[in-house]
Amino acid sequence: MGTSPTTRRSPLWHWRSNPLRRREDVWEAWALLAAWLVVLVLGPVAGALSAQATVDRLAQRRAERHPATATLLSDSPRRVVSGEVTIDRAVAPVRWTAADGTLHTGRAQVDAGRQAGQRVTVWLDQQDRLTTEPQSPGDADIEAAFMGVASFAAVAVAAVAGVYGARVALDRRRSRACEAEWQKLGSQWGRTAG
């Protein structure tokens, strides 16, 4: 026994002419359509823009930093093993010569277990101040992809939250309309509904 064409539910049932269709049903359908459009159009755009902004920001950071050779002023702490985590880097005092020939000292991350007097590579910003090593292009691409996916997901979550909020508000409105109808029918029967 098959379903009759009148009882089958069409994906566009909210827009079909139907005596039981309420304005709230149409509004809900429009909210759902708008959410899908936001996810399918704005989601990829937001993801692409976020990924490109991340790539540009990290490329600029790489361009603004440069490596320099420094001398360790004291031994760097030995490698530390804590549980299953091995720490191969340590902070130690270093001395380096800036581009203008002046000597500078500071604390930089170096390989653990290095001895005083050894040469190490440090990273400097445009003012010859110590800074962290910039991300490699491969790591930057991974971060950009992550930021793009996160932006897409944020747009999708916002769209779903908007539909959920609209549905809650429309359900309340439908419930109030239904209660008003029951009150009206109850008064016609000579008693109150409830």
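In which helix does Ser50 lie? Ser50 lies in helix H1, which covers residues 23–64. The model is predicted, so local features need pLDDT of at least 70 and side-chain atom pairs count only at pLDDT 80 or more, while totals for chains, interfaces and linings use all residues. Residues are numbered from 1 along each chain as its sequence is written, and side-chain values use heavy atoms, with hydrogens and water left out.

**View 1. Ser50 in helix H1.** Ser50 is buried, with a relative accessible area of 15% (buried means under 20%, with a 1.4 Å probe and protein chains only). Leaving aside neighbours within four places in sequence, Ser50 is in contact with Met147, Gly148 and Ser151 (contact means heavy atoms within 4.5 Å).

**View 2. The open sheet of five strands.** The strands, which are DSSP runs of E with at least two residues, numbered from the N terminus, follow the order S5-S4-S1-S6-S7 with antiparallel pairing (two strands pair if DSSP finds at least two bridges between them). Because S5 and S7 stand at the edges with a single partner strand each, one side of each is left without a neighbour in the sheet.

**View 3. Strand S1 beside S6.** Six bridges join S1 (residues 66–72) to S6, and the two run antiparallel. His66 stands opposite Leu124 in S6.

Notes
Helix = DSSP H or I, 4+ residues; strand = E, 2+ residues; numbered from the N terminus. Buried < 20%, exposed > 50% of the residue type's maximum accessible area, 1.4 Å probe, protein only.
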